[in-house]
Amino acid sequence: MALMITDECINCDVCEPECPNGAISQGDEIYEIDPNLCTECVGHYDEPQCVLVCPVECIPKDPEHAETEDELMEKYKIIQESLG
Ligand code: SF4
Ligand code: SF4
């Protein structure tokens, strides 16, 4: 499932450049994850890179975007194809 950033985010900006899918961006008040682009880092890394670097641990799984490992891998392939 995609991950999400909670309102505990302190806008430190360290997660954005770590995302291999470009899924993280600055929102109106805090950083946001585009669920269409987040693969939980499946296809790139063993662990979600944003979770590893976030100093306040505010990036849980998003229960509204439940996906299996296979679905995440499929999403990864679609993103790669769209990048050409
Ligand atoms: S889990 Fe990976 S793909 Fe998803 S937002 Fe974090 S760094 Fe990006
Ligand atoms: S690393 Fe955590 S606190 Fe920093 S911008 Fe990203 S979500 Fe917010």
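In which loop is Cys41 found? Cys41 is found in the loop between β2 and α1. This is a predicted model, in which local features need pLDDT of at least 70 and side-chain atom pairs count only at pLDDT 80 or more, while totals for chains, interfaces and linings use all residues. Residues are numbered from 1 along each chain as its sequence is written, chains are lettered from A and ligands numbered from 1 in the order in which they are written, and side-chain values use heavy atoms, with hydrogens and water left out.

**Overall fold**

- The protein chain holds 2 helices and 2 strands, where helices (H or I, at least four residues) and strands (E, at least two) are DSSP runs numbered from the N terminus.
- Along the sequence these elements follow the pattern β-β-α-α.
- The radius of gyration of the protein chain, taken over C-alpha atoms, is 12 Å, close to the 12 Å that the globule rule (2.2 Å times the number of residues to the power 0.38) gives for 84 residues, so the chain is as compact as a globular protein of that length.
- The C-alpha trace spans about 30 × 25 × 25 Å along its principal axes.
- Of the 84 residues, 35% are buried; buried means under 20% relative accessible area, exposed over 50%, and partly exposed in between (1.4 Å probe, protein chains only).

**Cavities**

- The whole structure contains 2 cavities of 30 Å³ or more. A cavity is a set of points, on a 1 Å grid over the protein atoms alone, where a 1.4 Å probe fits but cannot get out, and its lining residues have an atom within 4 Å of a point.
- The largest cavity holds about 80 Å³ of space, a volume being the space filled by probe spheres set on grid points that are joined across faces, edges and corners.
- Among the 14 residues lining the largest cavity, Cys9, Cys12, Cys15, Cys54 and Cys58 are the closest to its centre.
- The volume of the second largest cavity is about 70 Å³, and of its 14 lining residues Cys19, Pro20, Cys38, Cys41 and Cys50 are the closest to its centre.
- The lining of the second largest cavity divides into 9 nonpolar, 3 polar and 2 charged residues. Ala, Val, Leu, Ile, Met, Phe, Trp, Tyr, Cys and Pro count as nonpolar, Asp, Glu, Lys and Arg as charged, and the others, Gly among them, as polar.

**Ligands**

- Ligand 1 takes up the space of the second largest cavity; a molecule sits in a cavity if more than half of its atoms lie within 2 Å of the grid points.
- The residues around ligand 1 (a heavy atom within 4 Å) include Cys19, Cys38, Glu40, Cys41 and Cys50.
- The shell of ligand 1 comprises 9 nonpolar, 2 polar and 1 charged residues.
- Ligand 2 sits in the largest cavity, and of the 14 residues around it Cys9, Cys12, Asp13, Cys15 and Cys54 come nearest.
- The shell of ligand 2 has 12 nonpolar, 1 polar and 1 charged residues.

**Individual residues**

- Most residues other than glycine have a negative phi.
- Glu40, not a glycine, has a positive phi of about 60 degrees, and Cys41, likewise not a glycine, has a positive phi of about 70 degrees.
- Glu40 lies in the loop between β2 (31-33) and α1 (49-53) and counts as buried at 13% relative accessibility.
- Cys41 counts as buried at 8% relative accessibility.
- Pro17 lies in the segment before β1 (24-26) and counts as exposed at 62% relative accessibility.
- Pro17 and Cys50 are 33 residues apart in sequence, with a C-alpha to C-alpha separation of 9.0 Å.

How values were computed. On a 1 Å grid over the protein atoms alone, a cavity is a set of points where a 1.4 Å probe fits but cannot get out, and a pocket is an open set with protein on both sides within 12 Å along at least five of seven lines; lining residues have an atom within 4 Å of a point.
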